[in-house]
Amino acid sequence: MNPRRKKRMTLLVAVVVGLSVMTALVLYALQQNIDLFYTPTELVQGKGKDNIKPEVGQRLRIGGLVVPGSVSRDQQSLKVSFDLIDAGGEKVTVLFDGILPDLFREGQGIVAQGNLENARTVNAFEVLAKHDEEYMPAEVAEALKGMEHFKPEYTEEQLQGSRS
């Protein structure tokens with residue numbers, strides 16, 4: 001092989017190896033930022049025809065309806081826990097330490113982003129509440145197809161407090 005071809009071949013191999021390393025690094029970095037969406041039923045029973053379940057510690061997003069009567073708040077901190085349900089009937093507990101969105105309420109459709117703590121518990125670092133009855137993310141709408149929204153029931157004291 002003459003020196004000119006040898007130089008070109010070396011340069012070509014170096015470019016291919018460099019692009020391969022760059023692609024691998026980008027894919028590795030993106031893998032840490034991918035959050036798969038699950039419904040409570042998919043989280044418990046598995047997703048897809050192979051029933052693939054997320055691993056403990058995996059980052060994910062979960063969406064469903066907040067079960068009425070399941071919201072419990074710690075009086076000493078901002079810690080909140082609540083249950084989510086979907087049309088499949090499975091319940092998943094979400095733990096959150098922070099300020100919930102203003103639109104968050106029982107019976108409301110929400111999406112929580114966090115880490116899987118165990119098979120039925122998600123430790124969330126972000127909670128998003130939908131803004132009205134018409135719009136809902138496509139994944140949540142599909143998961144809740146056929147379910148009715150829970151109507152909030154207010155006590156007289158709550159109704160009086162909102163008018164003053």
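Reply:
**The loop and its surroundings**

Gly-88 is partly exposed, with a relative accessible area of 47%. This is a predicted model, so every value here is computed from predicted coordinates. Gly-88 sits in the loop between strand 4 and strand 5. Along the chain, Gly-88 and Pro-40 are 48 residues apart. Their C-alpha atoms are separated by 7.8 Å.

Glu-90 lies in that loop between strand 4 and strand 5 as well. How exposed is Glu-90? Its relative accessibility is 16%, so Glu-90 counts as buried; the cut-off is under 20%. Glu-90 has a charged partner. Arg-120 forms a salt bridge with Glu-90, and the closest N and O atoms are 2.9 Å apart. Arg-120 belongs to the loop between strand 6 and strand 7. The pair therefore joins distant parts of the chain, 30 residues apart. Arg-120 is partly exposed, at 37% relative accessibility. By the rule used here, the salt bridge count comes to 1.

Now step into strand 5. Val-92 is found there. Its relative accessible area is 0%, so Val-92 is buried. What does Val-92 touch, beyond its neighbours within four places in sequence? Its contacts include Pro-40, Leu-43 and Val-44. Ile-62, Phe-82, Asp-83 and Leu-84 are also among them. Arg-120, Thr-121 and Val-122 complete the list. Val-92 and Val-122 are 30 residues apart along the chain, yet their C-alpha atoms are separated by 7.6 Å.

Thr-121 is one of those contacts of Val-92. Thr-121 is placed in strand 7. With a relative accessible area of 12%, Thr-121 is buried. Its side chain makes a polar contact with the side chain of Asn-118, at 3.0 Å. Beyond four places in sequence, Thr-121 is in contact with Val-92, Thr-93, Leu-95, Asn-115 and Leu-116.

Next, the nonpolar core. The largest one has 20 residues. Which members touch the most others? They are Leu-43, Ile-62, Phe-82, Ile-110 and Val-127. Several elements each supply at least two residues of this core: helix 2 (40–45), strand 2 (59–66), strand 4 (79–85), strand 5 (91–97), strand 6 (109–118) and strand 7 (121–129). Leu-43, Ile-62 and Phe-82 are also among the contacts of Val-92.

Ile-110 gives another view of this region. Neighbours within four places in sequence are again set aside.

Not counting residues up to four places away in sequence, Ser-70 touches Ser-81, Phe-82, Asp-83 and Glu-106. Ser-70 is found in the loop between strand 2 and strand 3 (72–73). At 15% relative accessibility, Ser-70 counts as buried. Which backbone atoms does its side chain reach? A polar atom of the Ser-70 side chain lies 2.6 Å from the backbone oxygen of Val-67. That side chain also reaches the backbone nitrogen of Asp-83, at 3.1 Å.

One more loop deserves a look. Asn-51 is found between helix 2 and strand 2. At 46% relative accessibility, Asn-51 counts as partly exposed. Its phi is positive, about 55°, although Asn-51 is not a glycine. Most residues other than glycine have a negative phi.

Helix 1 covers residues 3–31, which is 29 residues. At 1.5 Å a residue, helix 1 should span 42 Å. Its end C-alpha atoms are 42 Å apart, so the two values agree. Asn-2 caps the N-terminal end of helix 1. A side-chain oxygen of Asn-2 lies 3.2 Å from the backbone nitrogen of Arg-4.

Last, the whole chain. The secondary structure comes to 4 helices and 7 strands. From the N terminus on, the elements run α-β-α-β-β-β-β-β-β-α-α. The chain has 164 residues, and 30% count as buried. Take contacts between residues at least 6 apart in sequence: 58% join residues at least 24 apart. The chain exposes about 11300 Å², and carbon and sulfur atoms supply 55% of it.

Methods: Residues are numbered from 1 along each chain as its sequence is written. This is a predicted model: local features need pLDDT of at least 70, side-chain atom pairs count only at pLDDT 80 or more; totals for chains, interfaces and linings use all residues. Side-chain values use heavy atoms; hydrogens and water are left out. The expected span of a helix is 1.5 Å times one less than its number of residues. A polar contact is a pair of N or O atoms within 3.5 Å; within protein, one must be able to donate a hydrogen and the other to accept it, and residues adjacent in sequence count only if both atoms are side-chain atoms. A nonpolar core is a set of buried Ala, Val, Leu, Ile, Met, Phe, Trp, Tyr and Cys residues joined through side-chain atoms within 4.5 Å. Buried means under 20% relative accessible area, exposed over 50%, partly exposed in between (1.4 Å probe, protein chains only). Contact means heavy atoms within 4.5 Å. A salt bridge is a side-chain nitrogen of Lys or Arg within 4 Å of a carboxyl oxygen of Asp or Glu. Accessible areas come from the Shrake-Rupley method with a 1.4 Å probe; for residues, only the protein chains shown count as cover.
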